[in-house]
Amino acid sequence: MKRKLLAATGVAALAAMVLSGCASGSAESEAASCTNEIKVADAPQVSVWAWYPAFEQVVDLFNETHDEVQVCWTNAGQGNDEYTKFSTSIEAGSGAPDVIMLESEVLSSFAIRKALVDLTEYGANDVKGDYSEGAWKDVSSGDAVYAIPVDGGPMGMLYRQDIFDEYGIAVPTTWAEFEAAAQQLKDAGAPGVLVDFPTNGRAYNQALFAQAGSVPFDYDNADPTSIGIEVNDQGAKDVLAYWENLVDEGLVATDDAFTADYNTKLVDGSYAVYVAAAWGPGYLGGLSDADPDAVWKAAPVPQWDTANPVQINWGGSTFAVTSQAKDPELSALVAKEIFGTEEAWKIGIEEAALFPLWKPILESDYFRDLEYPFFGGQQINKDVFLPAASAYTGFTFSPFQNYAYDQLTEQLYAMVQGEKDSSAALDDLQASLEKYATEQGFTLK
Amino acid sequence: MTATATIVAPAGRAPRERRSRLDVRRQRWGWLFVSPFLIVFALFLIFPLFYAFGMSLFTTGLATGTQFTGIGNYVKAFTDPLFLEGMLRVLAFAVVMIPAQLIVALIAALVLDSLVSWLSKASRLLIFAPYAIPVVIGALMWSFLYSPRFGPAGTLFELFGLPAPDFLASGTVFYSLVNIVTWQWSGYYMIVIYAALRSIDPAIYEAARIDGANGLQTALRIKIPMISSSMVMVITFALIGTLQFFTEPVVLRNIAQGAIDAAYTPNMYAYSLAFSYSQFNYASTIAFSLGILVFAGSFVFLFLTRKQSGLK
C-alpha cells in the first residue's frame, strides 16, 4: 500500500511538473523563437513584431550588418490581430516585444496606456531630418516622439484604363467630374460601377473627410486627459453628403471592404476605380482572379477645389519601442536603423511595394523614376504618389481610434441602409464619441 | 487500479457514522485520483473566475487610471443598452434556434429509430457529420456559401430569373446564423436522442402495438414521453450554448461588419471591450453578468422541467 501511495505521489508530482513546465517553457521559448536566423549568436537580441511582406530579407540584412545587436523577428498578425495581442500583453505586464510595428493611427491609443517609450531620450531627433514634417507629426505628440516612421500611404486614384476607354470616360480630376463619370458609366449600362464606398473603410473614410478640411480630433499627449472631438464638422458633412447622394443614386457599390468578395471585385472589373494609398498597387498585385485584360493606371486623387488641392494619407506604419523593452537604447537603435539604409529600402520597395518615408530614398532618382510593370511601365511615384506625399501635412488621431472607427462603421452602415441621413449619422457619431470620452475620464475641449 | 476504484465507490455512499479508518484512507485515494482534474479545474476555471470577479469591481478609464468602484460596473452593465440589446438578441436566437434544432433532431432520431437498414446507419452518420466539423471552419464555409459572389444562391436564383437574396443584410443575417447553428448541432442532438430511444425496452413497443397503436401514435405517446429527460438535457445544452453565442457571428462579422456590430451578442461585446477597446474591467463585468444570467436561466429551466428530467 505504501509503495502504491509513493507511486501515486510520484505521478501527481510529475503531473504538476508537466503543468508548471508548460508555463515556464512557453516564456522561455518566446525569447528564443525567431522566425529569422540569428547571425551573431552572442550579441544581445531585440525582439520585433512586424507584418511587412518580404521582411525576413530586411531582417537578415540588418543582422548581417550589425554585430552589437541582432533582431529576432516574429509576425504576430496584421493590424488589429497584432494590436489585440499587444494590448493583452500590456494588460498582463509581460509578453510584448521590444520593438513593434504600429500604424500611426494607433500610436496615441498605446501611448496613453504608457505602453510606448518616448524616443526623444534615445536619439529620435537625430533622425528627424530624414523624414518629412507630415510624417514626423504623425509619430509625435507634443514634444514626445513615439515611433520612427517607416512607410506611408499617400493617396491616389488607380483606375482601369480599358474600362474608361470602352465607355469614353475622361479621367476625373475633381469630385464633380468623378460623379459625372459614375453617372456616365451607369447610363452606358456598364456591368460594374465606378467605385465602392465601403462602410467599414475606417481610415479610408476618415481620409476622404479630411480632404475637405475635417479635423476630427484635437489631442496632444502633453495634456493626455483632455480631447477635442469634432467628427461632425462641415468638411466631414460635405463629403459624406456627397457619397450619400452617390449611394442613393445607385452610382457606387456599398460592399464591405477587405472581404474575399471585395478583393475579387477590385480586380475583376466590378469597380473601375480604386481610390488607394501608395501601398494599394502592392495589394492589388497580390489578389487572385484578376481580369487578364485589365489595364491599370494611376492618377492623382480627385479634388474638391482644384485651386487649393489637398493631399491625403491612408495608413502607413512605424516602429515603436514598447515600455516592456529590456534595453530601450538598443531597441531604439533597431527602430531607427532597420529601414535606414538604401539596401533595406530596395527590398521594401521592390519586394514589398512599400512607400518609403525615409528621405534619402524617397527623394532619390531611383524611386522617382521607377517604372511599375503592373501599370504598364507608368512611373506612378513621379506622377502621383510623390507629389501627394510631399503635400501631406499630418493628421491627429484619437487615443481610442479603434472605438471611433467601429462607431463610424456603424453609423455609415445605418446611413447606407437608409435609417438616417448623412448629417444625422455624423451627429450621432459625435454624440457617441463624446459620451465614450467622458466615460473614459477625458475632459472635452 | 480499477480494483481500488470500484471499492471506493460503495464506501463513499456508506452512512457517515459507520465510516471506519479504512474508509477514510480509501477516500484519500479517491481524492488522489480526481486530483489531476481538480488541479486543472481550479487553476483554469475557479481561479480565473475569482480573478475576473475581482477585476469587475474596479474601473479603469483611459484618462483616469484604476479606481475601486464596487458594484458600479454592474449597475452600468444592467443599464447598458448595448448589453441589454445583445441579451435580447440571444434570447430571440434561443426562441427560434432551439425549437428548430430540436425538431430537426427529434424527427431525424424518430425516423432513424424506426428504420432498420443500411440506409439508416449511413444517414445517421451523414446527419452527425456537420458536428464533426470545427465550428470556425463550419462558419467559414457558410460565409462562402452566403457570399453573393462565391455562393451558389446567385446561380440558383438566376435559373428562375430572380435576384438572389442577400443573406448578410441586417434583416436576414439573423436567420443565416440560425441556419448555421441548426446545421451544425442538430446532428449532435439527434445522436443523444437516438441513444435514449435505443435504450427503451422494445417490449413496450410490442405492448403498444398489441393495444392497436400505429407508428405515429407510438412515437408521440410512448417514445417522446420516455425520452423526456434526454430532451431536457438537450435543451439545457442548447440554451447555454445559445446564450453564449459567439463563434459563428464573429466569423460572419468578417464579411458583414455593418449587419453584425461589435456588440451583437453579450459574449462578443465582452470580447470587443477587452481586446479591441482595452476595457478589461468592464469586459469582466459583462462576462460575469452574462454568467449570472446564464446560470439563472438554466436553473429556472431545470426547475420548471424537474418532473420531465427526473430530477424530482
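Predicted model: local features only at pLDDT ≥ 70, side-chain atom pairs only at ≥ 80, totals over all residues.

Colleague: Why is A:Asp293 called exposed?

Modeller: A residue is exposed if 12 or fewer other C-beta atoms, placed from the backbone, lie within 10 Å of its own, buried if 20 or more do, and partly exposed in between. A:Asp293 has 9 such neighbours, so A:Asp293 counts as exposed. A:Asp293 is found in the loop between helix H11 (280–285) and strand S10 (296–300) of chain A; helices (H or I, at least four residues) and strands (E, at least two) are DSSP runs numbered from the N terminus.

Colleague: What makes A:Ala54 partly exposed?

Modeller: Around A:Ala54 there are 13 other C-beta atoms within 10 Å, and therefore the label is partly exposed. A:Ala54 sits in the loop between strand S1 (45–49) and helix H2 (55–65) of chain A.

Colleague: What is the phi value of A:Ala54?

Modeller: Phi of A:Ala54 is near 60°, a positive value in a residue other than glycine. Most residues other than glycine have a negative phi. A:Phe258 also has a positive phi, near 60°. A:Phe258 lies in the loop between helix H9 (234–248) and H10 of chain A, and is partly exposed because 15 other C-beta atoms lie within 10 Å.

Colleague: How do you know where the domains of chain A lie?

Modeller: The bounds come from an automatic or database domain assignment. For chain A this gives domain 1 (30–152 + 315–368) and domain 2 (153–314 + 387–444). Their centres, taken over C-alpha atoms, are separated by 28 Å. Contact between the two takes 22 residues from domain 1 of chain A and 28 residues from domain 2 of chain A, where contact requires C-beta atoms, placed from the backbone, within 7 Å.

Colleague: Which domains does chain B have?

Modeller: Chain B is divided into domain 1 (2–56) and domain 2 (73–309), with C-alpha centres 34 Å apart. Four residues of domain 1 of chain B are in contact with seven residues of domain 2 of chain B.

Colleague: How many residues of each chain take part in the contact between chains A and B?

Modeller: The contact joins 30 residues of chain A to 24 residues of chain B. The largest share of the chain A side, six residues, comes from H17(A). By class, that side has 11 nonpolar, 13 polar and six charged residues; Ala, Val, Leu, Ile, Met, Phe, Trp, Tyr, Cys and Pro count as nonpolar, Asp, Glu, Lys and Arg as charged, and the others, Gly among them, as polar.

Colleague: What makes a group of residues a nonpolar core?

Modeller: A nonpolar core is a set of buried Ala, Val, Leu, Ile, Met, Phe, Trp, Tyr and Cys residues joined through C-beta atoms within 7 Å. The largest one has 198 residues, and those with the most contacts inside it include A:Ala320 and B:Ala109. Helix H4 (residues 81–114) of chain B gives this core its largest share, 12 residues. Not counting residues up to four places away in sequence, A:Ala320 touches several residues, among them A:Ile100, A:Leu116 and A:Tyr146.

Note on methods: Residues numbered from 1 in each chain as written. Chains lettered and ligands numbered in written order.
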